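Hi everyone, thanks for making time this morning. I have one structure to walk you through, so let me put it on the screen.

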Amino acid sequence: MFALLSLFILGVGAATAIELPLSPIYHSPGLVKPLLKAVEVEAPAHYDFAYSVHDEHTGDIKSQTESRKGDQVQGQYTLIDADGYLRTVDYTSDAHNGFNAVVRRDPLGHKVIKAAPIAKVLSPLPLAYGAPKLLAAPKLPLGLYQ
């Protein structure tokens with residue numbers, strides 16, 4: 001009972017020391033850190049990037065460019081649709097107008113040739129398996145597990 005009471009008093013003392021501020025006598029301004037931190041102002045975003053893919057074997061032909069200056073973004077991407085048309089999307093985005101895109105579809109004048117399938121590899125194992133064969137349980141010497 002005494003241990004429980006002393007543990008309670010110790011807990012109350014620790015909570016009081018945490019909750020109550022120190023008196024000005026024991027308190028020096030250099031030891032106290034401010035609770036609020038200064039907000040750092042970030043510079044406006046600015047970037048430019050572009051990429052393109054041109055793979056004749058798979059027919060994967062596409063590109064994209066984009067640039068951003070502050071809150072204004074503008075860009076374009078192109079790709080070849082499965083029906084042989086070149087799709088071009090020009091887009092802009094800003095805080096006032098939101099996201100706007102203009103889509104154009106231009107015929108390429110030729111059909112898109114799909115890549116030939118890769119040769120099938122035949123497995124040496126049969127495709128259908130029979131039911132597993134049941135083996136007899138091993139015979140145990142008499143007296144071990146009875």
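Leu-86 sits across from Asp-106 of strand β5. Keep that pair in view while we look at the strands around it. Strand β4 covers residues 85–94 and strand β5 covers residues 98–107. The two run antiparallel, joined by ten bridges. Between β4 and β5 there are three residues, and together the two strands form a hairpin. One reminder for anyone eyeing the side chains: in a regular strand, they alternate between the two faces of the sheet.

Before going on, please bear in mind that this is a predicted model.

Now let's zoom out to the whole chain. You'll find one helix and five strands, and reading from the N terminus the order is α-β-β-β-β-β. The chain has 146 residues, and 8% of them are buried. Its accessible surface is about 13800 Å², with 65% of that belonging to carbon and sulfur atoms.

Is Ser-67 buried or exposed? Its relative accessibility is 15%, and the cut-off for buried is under 20%, so Ser-67 counts as buried. And which residues does Ser-67 touch, leaving aside those up to four places away in sequence? On one side of it in sequence we have Tyr-47 and Asp-48, and on the other Gln-72, Val-73 and Gln-74.

That's my tour; over to you for questions.

Terms used. Residues are numbered from 1 along each chain as its sequence is written. This is a predicted model: local features need pLDDT of at least 70, side-chain atom pairs count only at pLDDT 80 or more; totals for chains, interfaces and linings use all residues. Side-chain values use heavy atoms; hydrogens and water are left out. Two strands pair if DSSP finds at least two bridges between them. Helices (H or I, at least four residues) and strands (E, at least two) are DSSP runs, numbered from the N terminus. Buried means under 20% relative accessible area, exposed over 50%, partly exposed in between (1.4 Å probe, protein chains only). Contact means heavy atoms within 4.5 Å. Accessible areas come from the Shrake-Rupley method with a 1.4 Å probe; for residues, only the protein chains shown count as cover.
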